[in-house]
Amino acid sequence: WVYTSDVGAVLAGQTDAGRVYLKAGENGGEARAAVQIAAQVPDLTPGILAADPQCGWLLTRDAGSCLLESSELGHWHEAVRRLVRVQTEVRLEGLPVHPFAALPQQARALLAPEVLAHWGLTGEQQAQVQNLLPRLLDVHAQVSALGLPESACHGDFHPNNALVQDEQVRLFDWSEACTAHPFSDIGWFLDFIMHPMRRGLKLCQEHPDLGEVLWELYLLESGLRTDLSWQDAALLALFHRAVVYDANYRHWTGTLPGFVPQYTPYY
(Lines give C-alpha, C1' and ligand atoms only; values in the text may rest on other atoms or scores of the structure.)
Protein backbone atom coordinates (compact mmCIF):
# COMPACT_ATOMS: atom_id res chain seq x y z
CA TRP A 1 0.00 0.00 0.00
CA VAL A 2 1.19 3.49 -0.88
CA TYR A 3 -1.91 5.49 -0.08
CA THR A 4 -5.57 4.93 0.70
CA SER A 5 -8.54 7.15 1.50
CA ASP A 6 -12.23 7.42 0.77
CA VAL A 7 -11.46 9.04 -2.58
CA GLY A 8 -8.72 6.77 -3.90
CA ALA A 9 -6.02 4.21 -3.25
CA VAL A 10 -2.59 3.40 -4.70
CA LEU A 11 -0.73 0.09 -4.70
CA ALA A 12 2.89 -0.44 -5.77
CA GLY A 13 4.30 -3.69 -7.04
CA GLN A 14 7.64 -5.01 -8.26
CA THR A 15 7.66 -6.99 -11.51
CA ASP A 16 10.31 -8.47 -13.76
CA ALA A 17 9.80 -5.43 -16.00
CA GLY A 18 10.19 -2.93 -13.18
CA ARG A 19 8.07 -1.22 -10.59
CA VAL A 20 4.41 -0.54 -11.37
CA TYR A 21 1.60 1.40 -9.70
CA LEU A 22 -2.09 0.60 -9.57
CA LYS A 23 -4.46 3.41 -8.68
CA ALA A 24 -8.15 3.07 -7.95
CA GLY A 25 -10.07 6.36 -8.04
CA GLU A 26 -13.53 7.21 -6.76
CA ASN A 27 -14.63 7.53 -10.38
CA GLY A 28 -13.16 6.81 -13.80
CA GLY A 29 -12.02 10.35 -14.50
CA GLU A 30 -8.30 9.76 -14.00
CA ALA A 31 -8.22 6.66 -16.17
CA ARG A 32 -10.17 8.40 -18.94
CA ALA A 33 -7.93 11.46 -18.80
CA ALA A 34 -4.67 9.49 -18.74
CA VAL A 35 -5.70 7.39 -21.75
CA GLN A 36 -6.75 10.45 -23.75
CA ILE A 37 -3.56 12.36 -22.92
CA ALA A 38 -1.28 9.40 -23.67
CA ALA A 39 -2.99 8.96 -27.05
CA GLN A 40 -2.46 12.62 -27.99
CA VAL A 41 1.00 13.30 -26.48
CA PRO A 42 2.52 9.91 -25.47
CA ASP A 43 5.54 11.19 -23.52
CA LEU A 44 3.59 13.44 -21.14
CA THR A 45 2.56 10.70 -18.72
CA PRO A 46 4.07 7.57 -17.16
CA GLY A 47 3.66 4.56 -19.44
CA ILE A 48 0.15 3.12 -19.19
CA LEU A 49 0.03 -0.68 -18.93
CA ALA A 50 -3.74 -0.99 -18.51
CA ALA A 51 -6.75 1.20 -17.81
CA ASP A 52 -10.34 0.50 -16.83
CA PRO A 53 -12.31 3.77 -16.68
CA GLN A 54 -15.50 1.95 -15.67
CA CYS A 55 -13.83 0.65 -12.49
CA GLY A 56 -11.62 3.72 -12.08
CA TRP A 57 -8.43 1.64 -12.29
CA LEU A 58 -5.13 2.73 -13.84
CA LEU A 59 -1.92 0.66 -14.02
CA THR A 60 1.28 2.53 -14.95
CA ARG A 61 5.03 2.09 -15.08
CA ASP A 62 7.30 3.78 -12.57
CA ALA A 63 8.45 7.19 -13.85
CA GLY A 64 10.96 8.28 -11.23
CA SER A 65 10.97 10.57 -8.21
CA CYS A 66 8.85 13.63 -7.46
CA LEU A 67 9.93 16.96 -8.90
CA LEU A 68 9.82 18.49 -5.41
CA GLU A 69 12.91 16.39 -4.56
CA SER A 70 14.93 17.92 -7.42
CA SER A 71 17.06 21.02 -6.97
CA GLU A 72 17.89 21.13 -10.70
CA LEU A 73 16.24 24.24 -12.12
CA GLY A 74 16.18 22.62 -15.55
CA HIS A 75 13.77 19.97 -14.30
CA TRP A 76 11.40 22.69 -13.14
CA HIS A 77 11.67 24.47 -16.47
CA GLU A 78 10.75 21.23 -18.21
CA ALA A 79 7.75 20.68 -15.92
CA VAL A 80 6.39 24.10 -16.91
CA ARG A 81 6.96 23.31 -20.59
CA ARG A 82 5.11 20.02 -20.13
CA LEU A 83 2.19 21.87 -18.59
CA VAL A 84 2.05 24.21 -21.58
CA ARG A 85 1.95 21.16 -23.87
CA VAL A 86 -1.04 19.81 -21.96
CA GLN A 87 -2.82 23.12 -22.33
CA THR A 88 -2.01 23.63 -26.01
CA GLU A 89 -1.92 20.11 -27.49
CA VAL A 90 -4.51 18.11 -25.54
CA ARG A 91 -8.28 18.09 -25.83
CA LEU A 92 -10.27 16.31 -23.13
CA GLU A 93 -13.70 14.75 -23.55
CA GLY A 94 -16.12 13.46 -20.94
CA LEU A 95 -14.45 15.31 -18.07
CA PRO A 96 -15.52 18.34 -15.98
CA VAL A 97 -15.63 21.79 -17.56
CA HIS A 98 -15.17 24.88 -15.37
CA PRO A 99 -16.10 28.10 -17.23
CA PHE A 100 -13.84 30.96 -16.18
CA ALA A 101 -16.65 33.49 -16.59
CA ALA A 102 -18.53 31.83 -13.72
CA LEU A 103 -15.75 32.30 -11.14
CA PRO A 104 -16.85 35.72 -9.72
CA GLN A 105 -20.38 34.50 -9.02
CA GLN A 106 -19.05 31.24 -7.57
CA ALA A 107 -16.58 33.11 -5.36
CA ARG A 108 -19.31 35.37 -3.99
CA ALA A 109 -21.38 32.31 -3.11
CA LEU A 110 -18.40 30.61 -1.50
CA LEU A 111 -17.67 33.67 0.66
CA ALA A 112 -21.13 33.67 2.24
CA PRO A 113 -20.69 33.54 6.04
CA GLU A 114 -22.76 30.38 6.39
CA VAL A 115 -20.62 28.55 3.81
CA LEU A 116 -17.33 29.63 5.37
CA ALA A 117 -18.66 28.70 8.81
CA HIS A 118 -19.66 25.29 7.46
CA TRP A 119 -16.01 24.72 6.55
CA GLY A 120 -14.87 25.75 10.02
CA LEU A 121 -13.39 29.18 9.31
CA THR A 122 -13.31 31.51 12.29
CA GLY A 123 -14.81 34.99 12.14
CA GLU A 124 -11.35 36.49 11.62
CA GLN A 125 -10.53 34.03 8.83
CA GLN A 126 -13.86 34.73 7.16
CA ALA A 127 -13.12 38.46 7.12
CA GLN A 128 -9.65 37.85 5.67
CA VAL A 129 -10.88 35.88 2.68
CA GLN A 130 -13.93 38.10 2.14
CA ASN A 131 -11.60 41.09 1.92
CA LEU A 132 -9.87 39.42 -1.04
CA LEU A 133 -12.99 39.59 -3.23
CA PRO A 134 -12.34 43.07 -4.75
CA ARG A 135 -8.82 42.03 -5.76
CA LEU A 136 -10.11 38.76 -7.19
CA LEU A 137 -12.68 40.60 -9.29
CA ASP A 138 -10.04 43.03 -10.57
CA VAL A 139 -7.63 40.24 -11.51
CA HIS A 140 -10.44 38.25 -13.11
CA ALA A 141 -11.32 41.24 -15.30
CA GLN A 142 -7.69 41.69 -16.35
CA VAL A 143 -7.28 38.01 -17.16
CA SER A 144 -10.58 37.94 -19.06
CA ALA A 145 -9.28 40.77 -21.23
CA LEU A 146 -6.45 38.48 -22.40
CA GLY A 147 -9.06 36.39 -24.20
CA LEU A 148 -7.57 33.02 -23.30
CA PRO A 149 -10.00 30.15 -23.89
CA GLU A 150 -10.49 27.33 -21.42
CA SER A 151 -8.06 24.50 -22.14
CA ALA A 152 -7.14 21.04 -20.96
CA CYS A 153 -5.83 21.31 -17.40
CA HIS A 154 -4.13 18.89 -15.07
CA GLY A 155 -6.39 20.07 -12.27
CA ASP A 156 -3.89 19.55 -9.44
CA PHE A 157 -0.55 20.57 -10.92
CA HIS A 158 2.05 20.76 -8.16
CA PRO A 159 5.62 19.46 -7.76
CA ASN A 160 4.52 16.18 -6.18
CA ASN A 161 2.46 15.36 -9.27
CA ALA A 162 5.41 15.56 -11.64
CA LEU A 163 8.07 12.83 -11.87
CA VAL A 164 11.69 13.01 -12.99
CA GLN A 165 13.55 10.04 -14.43
CA ASP A 166 16.61 10.13 -16.71
CA GLU A 167 16.07 13.88 -17.27
CA GLN A 168 12.52 13.16 -18.45
CA VAL A 169 9.66 14.93 -16.68
CA ARG A 170 6.23 13.33 -16.76
CA LEU A 171 2.98 14.41 -15.15
CA PHE A 172 0.72 12.04 -13.24
CA ASP A 173 -2.35 11.96 -10.96
CA TRP A 174 -4.91 13.10 -13.51
CA SER A 175 -7.79 12.51 -11.08
CA GLU A 176 -8.85 16.15 -11.35
CA ALA A 177 -8.18 16.67 -15.05
CA CYS A 178 -10.66 19.09 -16.54
CA THR A 179 -11.20 21.87 -19.03
CA ALA A 180 -10.64 25.19 -17.28
CA HIS A 181 -8.69 28.43 -17.49
CA PRO A 182 -4.97 27.64 -17.96
CA PHE A 183 -3.95 29.95 -15.10
CA SER A 184 -5.71 27.61 -12.66
CA ASP A 185 -2.86 25.14 -13.20
CA ILE A 186 0.18 27.40 -13.23
CA GLY A 187 -1.17 29.56 -10.40
CA TRP A 188 -1.50 26.60 -8.02
CA PHE A 189 1.92 25.23 -9.05
CA LEU A 190 3.65 28.54 -8.26
CA ASP A 191 1.72 29.12 -5.04
CA PHE A 192 2.72 25.64 -3.85
CA ILE A 193 6.45 26.10 -4.37
CA MET A 194 6.53 29.72 -3.15
CA HIS A 195 4.64 29.00 0.05
CA PRO A 196 6.71 30.03 3.12
CA MET A 197 6.95 26.43 4.31
CA ARG A 198 9.02 25.65 1.17
CA ARG A 199 11.70 28.30 1.89
CA GLY A 200 14.04 25.73 3.37
CA LEU A 201 14.29 23.78 0.12
CA LYS A 202 17.67 24.02 -1.58
CA LEU A 203 16.05 25.11 -4.84
CA CYS A 204 14.16 27.96 -3.16
CA GLN A 205 17.26 29.10 -1.29
CA GLU A 206 19.28 29.18 -4.50
CA HIS A 207 16.47 30.85 -6.46
CA PRO A 208 14.45 33.12 -4.15
CA ASP A 209 12.77 34.59 -7.25
CA LEU A 210 11.71 31.14 -8.46
CA GLY A 211 8.06 32.17 -8.79
CA GLU A 212 8.92 35.03 -11.12
CA VAL A 213 11.34 32.89 -13.12
CA LEU A 214 8.85 30.09 -13.75
CA TRP A 215 6.01 32.54 -14.41
CA GLU A 216 8.03 34.34 -17.06
CA LEU A 217 8.92 30.99 -18.64
CA TYR A 218 5.28 29.98 -18.67
CA LEU A 219 4.27 33.23 -20.37
CA LEU A 220 7.06 32.85 -22.92
CA GLU A 221 6.19 29.24 -23.74
CA SER A 222 2.49 30.15 -23.97
CA GLY A 223 3.15 33.16 -26.19
CA LEU A 224 1.52 35.55 -23.72
CA ARG A 225 2.37 39.14 -22.86
CA THR A 226 0.90 40.58 -19.68
CA ASP A 227 1.82 42.66 -16.66
CA LEU A 228 -0.05 40.28 -14.38
CA SER A 229 2.10 38.64 -11.71
CA TRP A 230 2.33 35.03 -10.64
CA GLN A 231 0.57 36.08 -7.43
CA ASP A 232 -2.40 37.19 -9.55
CA ALA A 233 -2.52 33.76 -11.20
CA ALA A 234 -2.21 32.13 -7.78
CA LEU A 235 -5.16 34.11 -6.41
CA LEU A 236 -7.35 32.94 -9.29
CA ALA A 237 -6.15 29.36 -8.91
CA LEU A 238 -6.79 29.17 -5.18
CA PHE A 239 -10.30 30.57 -5.48
CA HIS A 240 -10.98 28.22 -8.40
CA ARG A 241 -9.86 25.20 -6.39
CA ALA A 242 -11.82 26.22 -3.29
CA VAL A 243 -14.97 26.66 -5.39
CA VAL A 244 -14.57 23.29 -7.13
CA TYR A 245 -13.95 21.42 -3.90
CA ASP A 246 -16.86 23.15 -2.19
CA ALA A 247 -19.16 21.95 -4.95
CA ASN A 248 -17.74 18.42 -4.77
CA TYR A 249 -17.61 17.91 -1.03
CA ARG A 250 -19.91 20.24 0.91
CA HIS A 251 -22.67 17.62 0.86
CA TRP A 252 -20.45 14.58 0.25
CA THR A 253 -20.90 11.33 2.15
CA GLY A 254 -18.20 8.68 2.23
CA THR A 255 -17.74 5.38 4.02
CA LEU A 256 -15.98 6.74 7.11
CA PRO A 257 -18.34 8.36 9.61
CA GLY A 258 -17.56 12.03 10.10
CA PHE A 259 -14.84 12.17 7.43
CA VAL A 260 -15.14 14.86 4.78
CA PRO A 261 -12.16 15.99 2.64
CA GLN A 262 -11.02 19.40 3.93
CA TYR A 263 -9.73 20.74 0.62
CA THR A 264 -11.93 23.84 0.60
CA PRO A 265 -10.68 25.39 3.87
CA TYR A 266 -7.15 24.33 2.93
CA TYR A 267 -7.16 26.46 -0.19
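In this predicted model, Gly 211, Glu 212 and Trp 215 of helix α9 meet Trp 230, Gln 231 and Ala 233 of helix α10. By class, this contact of α9 with α10 comprises three nonpolar, two polar and one charged residues. The axes of α9 (residues 210–222) and α10 come within 9 Å and cross at roughly 85°. Since an angle of 65 to 115 degrees counts as roughly perpendicular, α9 and α10 are therefore described as roughly perpendicular to each other.

**Nonpolar core**

- The largest nonpolar core has 71 residues, and those with the most contacts inside it are Phe 183, Phe 189, Trp 215 and Tyr 218.
- Helix α10 (residues 230–249) gives the most to this core, contributing twelve residues.
- Trp 215, with neighbours within four places in sequence left aside, is in contact with Phe 183, Ile 186, Leu 190, Thr 226, Leu 228, Ser 229, Trp 230 and Ala 233.
- In soluble globular proteins, nonpolar side chains tend to be buried together.

**Packing of α3 and α6**

- Helix α3 (residues 103–110) and helix α6 (residues 133–145) have axes that come within 10 Å and cross at roughly 170°.
- An angle over 145 degrees counts as roughly antiparallel, so α3 is roughly antiparallel to α6.
- On the α3 side, the contact is made by Leu 103, Pro 104, Ala 107 and Arg 108, and on the α6 side by Leu 133, Leu 136, Leu 137 and His 140.
- Six nonpolar, one polar and one charged residues make up the contact of α3 with α6.

**The β6-β8-β9 sheet**

- An open sheet is formed by three strands in the order β6-β8-β9, with antiparallel pairing.
- Strands β6 (65–66) and β9 (168–171) stand at the edges, each with a single partner strand, so one side of each has no neighbour in the sheet.
- Strands β6 and β8 (residues 162–165) run antiparallel and are joined by two bridges.
- Ser 65 has Val 164 as its bridge partner in β8.
- Helix α2 (residues 73–89) lies across β8 and β9, and runs at about 45° to β9.

**Asp 156**

- The loop between β7 (151–153) and β8 contains Asp 156.
- Asp 156 counts as buried because its relative accessibility is 10%, and the cut-off for buried is under 20%.
- With residues up to four places away in sequence not counted, Asp 156 touches Asn 161, Asp 173, Glu 176, Asp 185, Trp 188, Arg 241 and Tyr 267.

Key:
Residues numbered from 1 in each chain as written. Predicted model: local features only at pLDDT ≥ 70, side-chain atom pairs only at ≥ 80, totals over all residues. Heavy atoms only, no water. Pairing = 2+ DSSP bridges. Helix = DSSP H or I, 4+ residues; strand = E, 2+ residues; numbered from the N terminus. Contact = heavy atoms within 4.5 Å. Axes fitted to C-alpha atoms, helices over the stretch in contact; angles between N-to-C directions. Parallel < 35°, antiparallel > 145°, perpendicular 65-115°, else oblique. Nonpolar A, V, L, I, M, F, W, Y, C, P; charged D, E, K, R; others polar. Buried < 20%, exposed > 50% of the residue type's maximum accessible area, 1.4 Å probe, protein only. Core = buried A, V, L, I, M, F, W, Y, C linked by side-chain atoms within 4.5 Å.
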